[in-house]
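Here's a quick tour for anyone new to this structure. Take a look at the sequence and the model, then read on.

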Amino acid sequence: MAEGGGWQPPRPCEAYRAEWELCSSAGHFLRHYYVHGERPACGQWRRDLDSCREWEERRSAEAQVTRPGVPSPERPGTSPGARDAGRRGRALKKGFDSSLHVCWGACFDLYPLKRSLRESEQARVRAARKHGLVWAPRQSPPADWHLPLPQDNDR
Amino acid sequence: MAGAPGERGPGPAAGEQLQQQHVGCQVFPERLAQGKPQQGFLSSFFTNNQKCQLMLLQTLETNPYVKLLLDAMKHSGCAVNKERHFSCEDCNGNVSGGFDASVSQIVLCQNNICNQAHMNRVVTHELIHAFDHCRAHVDWFTNVRHLACSEVRAANLSGDCSLLNEILRLHFGLKQHHQTCVRDRAIRSILAVRNISKEVAQKAVDEVFESCFNDHEPFGRIPHNKTYARYAHRDFQNRDRYYSNI
């Protein structure tokens, strides 16, 4: 698993949006009822989409604040409060210890989102794997898969 | 193709029955019997074998179900070669195709596959058998439960039992009818390739159904149509990012 600053949502946010929209469609309702005899549950896709979007927004904001050597961008007419925020941003940068993958301040806001998305996807994987297999998995493909056909050998 | 004599020896390990699944092939049997040309450009200028080859190529290059299966098999070490792993042949009876595990080849019944949509579905169905053969020790010839499992998966994931296809077969039902269709078609496919009683086939399907109906590899879901198949392919291509971040 990618740790620290390398973690990202398991799926792009666009994928969560597409899944939620598909799940919420009338066509999917009909197909799901046809297969399972009950209505589909789409709420988790929406929650994951929201978490993903919020994670991206906060990560983007944190990246702007903690960019090394670059002062916080100042928009025209920025109030002194904004300049103070810039100084706090540089203070946040000082609070990030890359060797320990530790950060504080804005970074902590990302952890619940990360945990929510990971737990949601882990639940999906568990649900997919909960039924035992009928056969034993292979460690390598069949030996004859790439061999010529028997009649080809006779030519 | 159960028991069919000829070049192939023991015959396919797994097969797919025609069973009125495509009304287009059944609607004008008199016209076909009298040798009148079928409607469509391909029928006028090409032999059955040529049509089969052309439709197969179209399927392999464009169908999202098949493209995912081909990628998944390549990932498992079973890269598919069109000339080696597919064969267009005339078949006895009303079978659309089969997977011959003894030589790892998919048989396409060129005299029974009547249009591109049918070819798409037959190739998907047989590639699911090939995928199972590639990733697991499937005892096709002596373990009817293994055969039943692959047939359940193929009927479930290939689109064989879509609502539209069932309506076209005049099989009407809604709530959980998909599962009824999967059971029924799996039993028919088993009986097409194995000389066993319907009761034995039904018992095998019942024993493996819960496990195999819920085994959606490599799709990760039941691909109800091409949109679902494209999403499944997207997820497969994204799997490295997915598993490294959960």
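This is a predicted model: local features need pLDDT of at least 70, side-chain atom pairs count only at pLDDT 80 or more; totals for chains, interfaces and linings use all residues.

Residues are numbered from 1 along each chain as its sequence is written, chains are lettered from A and ligands numbered from 1 in the order in which they are written, and side-chain values use heavy atoms, leaving out hydrogens and water.

**Around B:Gln110**

- You'll find B:Gln110 in the loop between strand S4 (105-109) and H7 of chain B.
- Its side chain makes polar contacts with the side chains of B:Asn49 (2.9 Å) and B:Asp90 (3.3 Å); a polar contact is a pair of N or O atoms within 3.5 Å, where within protein one must be able to donate a hydrogen and the other to accept it, and residues adjacent in sequence count only if both atoms are side-chain atoms.

**H5 and H7 of chain B**

- Helix H5 (residues 64-75) and helix H7 (residues 116-135), both of chain B, pack at about 15° with their axes 9 Å apart.
- H5(B) and H7(B) are therefore roughly parallel to each other (angles under 35 degrees).
- Among the residues of H5(B) that meet H7(B) are B:Leu69 and B:Met73, and the H7(B) side includes B:Leu127 and B:Phe131 (contact means heavy atoms within 4.5 Å).

Methods
Axes are lines fitted to C-alpha atoms, for helices over the stretch in contact, and angles run from 0 to 180 degrees between N-to-C directions. Helices (H or I, at least four residues) and strands (E, at least two) are DSSP runs, numbered from the N terminus. Angles under 35 degrees count as roughly parallel, over 145 as roughly antiparallel, 65 to 115 as roughly perpendicular and the rest as oblique.
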